[in-house]
Amino acid sequence: FTGVNGGFLLSYPESLSLDSSCFSSPPVNFLQELPSYRSIARKRTTILSRDKQSGTLLKPTDSYSSQLEGEITENLDNQSIRKYALNISEKRRLRDIQETQMKYLSEWDQWKRYSSKSWERFIEKAREVTTHLELWREDMRSIEGKFGTGIQSYFSFLRFLVLLNLVIFLIIFMLVLLPVLLTRYKITNSSFVLIPSKGTDIQCTVYPISSSGLIYFYSYIIDLLSGTGFLEDTCLFYGHYTIDGVKFQNFIYDLPLAYVLSTVAYLALSLLWIVKRSVEGFKSNLIRSEEHFQSYCNKIFAGWDFCITNRGMADLRHSSLRYELRADLEEERIRQKIAERTSEETIRIYSLRLFLNCIVLAVLAACFYAIYRATIFSQEHMKKEIDKMVFGENLLILYLPSIVITLANFITPIIFAKIIHYEDYSPGFEIRLTILRCVFMRLATICVLVFTLGSEITSCDNYSCELCGYNQKLYPCWETQVGQEMYKLMIFDLIIILAVTLFVDFPRKFLVTYCSSWKLFRCWGQQEFAIPDNVLGIVYGQTICWMGAFFSPLLPAVATLKFIIIFYVKEISLLYTCRPSPRQFRASNSNFFFLLVLLIGLCLAIIPLTISMTRIPSSKACGPFTNFNTTWEVVPKMVSTFPSSLQSLVHGITSEAFAVPFFMIICLVMFYFIALAGAHQRVVVQLREQLSLESRDKRYLIQKLTEAQRDMRNRLD
């Protein structure tokens, strides 16, 4: 008996050969009994009929193999044989064909072929070397094996932010800081170009730099923590760059334009980098969006890394696979529980969720109002003489908004974590909803602080602001003061992370380990590594960096050092004070969602930056934009120096007549790709159905063969 379907071929000796009498129906009717044939006949529609006519369903394996071989033979010039899913003998045969074809090529074509191969080998070797030089590679593997891919994705995300901030710092350093340093220290033959006087009122140009005189020993500490005193007039803040440009031998470097371009450059780079990584994560999610049975099979039969030769690494890989299977089983349990709910239980759970979301909104409103009142109070009392305040009072006034924001960020995740347990979501959706609530809380607090400062800067109580356009009496250099607030938020956030690790996590571990006989400590339990809270902590810090880099150009360098410290602190805390969470989370979905949250933070950071650059008048007492009404005016000034034809082109591109058609074209392209993605998804579904039907055909044929063999044995007996 011989049965062929999708490459399935079985043959037996003559002693066990079967004829058509073994079956009760002719061969044609027998083939029509196959599950694949029945399924197609049952599901026949217009689309499937068209697909069947085009040959997309149930292609014979032999014709497919010949077609694949022909395609490979035609593309030997520009494709690598290694990428094709063929056995070793077939690859060797194709390689022989390739070498034979080489003899009949011209010398130029042979040189191009060898050059292409050499370049591909170089790229592969470079990728291998880059993999070995990857930052914190061994730490990542150790964390993945001990605590799963969910926690490992947090540290991978933290590493990405370290690299991102380092690149942002290099952009600002090259465009803004380097020309100033080269001129100040006489490294190059250049000089500063002072800002020409434009008839600005003398009252608007007064900038008394705050200084405590460094009388008390704690003044250095206060200045270091708040950015005032000796730090205020350094390259750390905006007010230090009060020059119009740098004059080199052959040209004048326009510092105001470079300052704006550096801001636009790091925001655009951040957007493109995040979108690129998000697309990679989205592709990974599409690939992994498989049936649950397929997911289990892939992990069990194809999840092992055969390059592992070290016993320790093998144990880590075992542990990582075990954690992923636990996450799958937990999500499957939640799905089964949701499927078994009655209508009364569904109504009850949705009513409970509505009530709990009202509580969440009330908590958010209370936090926002507290931050608003703390900012107003701090700004009103900040101008008191430092000599009249003691050390603790001074720090409290300076850090009051940061303290309130940090307390809100510390308390609300605990409240949200308690609330989420009663809403009965799956682990994956639970972490996403918790992160969304926390990200709205953390990022909205920064926006509340910035908009409160903006309202204070542009409002005057007892006199008119028409002279300078802003409250010059309280904010002579408002950009530097906003930068100081961002600097204080960054430093205070780092202090809180270190304090919680040293004075909460480690004592808790000690008490739970050595005082376990006490019921209180036993109920308290060992610390779990909370992924949502930790991710939101670094997204919060990165949003502060994006928002404050314009007002404090060296803030990305501070953020880079901060994230490096956080990495080692969190790793030590994870290894020595934390335990694996009973609920495991998959990294493939988490990575994409972390980047989505980071993208939300970037969008929220762009809003106040755009308003401050285009709407609020720039300071007349400090900074490179003292002769401009707003920061963005330097861009139209630059465009006015272009040739008339180029000016017309720029004005045309930025006009509504170009924007509306461009937006419509973008929408059409987007709709096209959406339709294309839908078509590809349908093809994927059809191919999966084909694979499923082929497996069912094989099982059916084996069943029929077994029955035929049993009938033959019965006849022989």
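Student: Where does UniProt place the feature "transmembrane region"?

Tutor: The unreviewed UniProt entry puts it at residues 160–182, 257–275, 354–376, 396–421, 489–508, 557–578, 590–611 and 658–679. UniProt positions are given in the numbering used here, feature names are shortened, and annotations may be inferred rather than shown by experiment. Residues are numbered from 1 along each chain as its sequence is written. This is a predicted model, where local features need pLDDT of at least 70, side-chain atom pairs count only at pLDDT 80 or more, and totals for chains, interfaces and linings use all residues, while side-chain values use heavy atoms, with hydrogens and water left out.

Student: OK, how much helix and strand is there over 354–376?

Tutor: That stretch is 100% helix and 0% strand, with its end C-alpha atoms 34 Å apart. Helices (H or I, at least four residues) and strands (E, at least two) are DSSP runs, numbered from the N terminus.

Student: And over 557–578?

Tutor: There the chain is 95% helix and 5% strand, and the end C-alpha atoms are 30 Å apart.

Student: What's lysine 562 in contact with, leaving aside its neighbours within four places in sequence?

Tutor: Lysine 562 touches Met490, Asp493, Leu494 and Gly541, where contact means heavy atoms within 4.5 Å. Lysine 562 itself lies in helix 18 (residues 555–577).

Student: Is lysine 562 buried or exposed?

Tutor: Lysine 562 counts as buried because its relative accessibility is 2%. Buried means under 20% relative accessible area, exposed over 50%, partly exposed in between (1.4 Å probe, protein chains only).

Student: How do helix 17 and helix 18 cross?

Tutor: Their axes come within 9 Å and cross at roughly 170°, which makes helix 17 roughly antiparallel to helix 18. Axes are lines fitted to C-alpha atoms, for helices over the stretch in contact, and angles run from 0 to 180 degrees between N-to-C directions. Angles under 35 degrees count as roughly parallel, over 145 as roughly antiparallel, 65 to 115 as roughly perpendicular and the rest as oblique. Among the residues making the contact are Gly541 of helix 17 and Lys562 of helix 18.

Student: Why is helix 17 called largely enclosed?

Tutor: Because 17 of its 18 residues are buried.

Student: New topic: how many disulfides does the structure hold?

Tutor: There is 1 disulfide, meaning a pair of cysteine sulfur atoms within 2.5 Å. Cysteine 477 and cysteine 622 form it, with their sulfur atoms 1.7 Å apart. The pair links distant parts of the chain, 145 residues apart.

Student: Are those two cysteines buried or exposed?

Tutor: Cysteine 477 and cysteine 622 are both buried.
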